[in-house]
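Dear colleague,

Please find below the structure I am handing over to you. My findings follow directly after it.

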Amino acid sequence: YFSWEAIGRNSITHHSARLRGLPLIKWLFAIPLYIVGAIYLVLSIVVTIFAWIITSATGTYPEWAANIVLGTIEYWNRVFGYSVALVSDDYPPFTL
């Protein structure tokens, strides 16, 4: 007795069993991303402090500081999407 339904069910079960450990692998691969992200976070805090001083003196927020802070936010969004939300299989770049 041949059933296409049985074949489809077995391939889906096999495929889902193979992907079951993927989040653990992604979390392991994300460790370097977290380390670089922590460095970017410290850099962002230092740049923000300097930007506050410059803003209080000139009245305008420096564009270079905004690029660094926004780049850090974008970086953490990419890391979150890869390792926590699991919405992307592409390994995020380390660049801001």
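In this predicted model, the side chains of lysine 26 and aspartate 89 form a salt bridge, with an N to O distance of 2.8 Å. A search of the whole structure finds 1 salt bridge. Lysine 26 belongs to helix H2, whereas aspartate 89 sits in the segment after H4, so the pair ties together parts that are 63 residues apart in sequence. The two partners also have the following accessibilities. Lysine 26 has a relative accessible area of 4% and is therefore buried, the cut-off being under 20%. Aspartate 89, at 61% relative accessibility, counts as exposed because the cut-off for that class is over 50%.

I turn next to helix H3. Helix H3 comprises 28 residues, and from its first C-alpha to its last it reaches 40 Å, close to the 40 Å expected at 1.5 Å a residue. Its buried residues are Leu33, Gly37, Tyr40, Ser44, Val47, Thr48 and Ala51. These buried residues of H3 pack against helix H2 (22-29) and helix H4 (63-83). After H3 comes glycine 59, which has a positive phi, near 90°.

Finally, a word on confidence. The average pLDDT of the chain is 86, and 80% of the residues score at least 70.

With kind regards

How values were computed
Residues numbered from 1 in each chain as written. Heavy atoms only, no water. pLDDT = per-residue confidence, 0-100. Helix = DSSP H or I, 4+ residues; strand = E, 2+ residues; numbered from the N terminus. Expected span 1.5 Å × (residues − 1). Buried < 20%, exposed > 50% of the residue type's maximum accessible area, 1.4 Å probe, protein only. Contact = heavy atoms within 4.5 Å. Salt bridge = Lys/Arg side-chain N within 4 Å of Asp/Glu carboxyl O.
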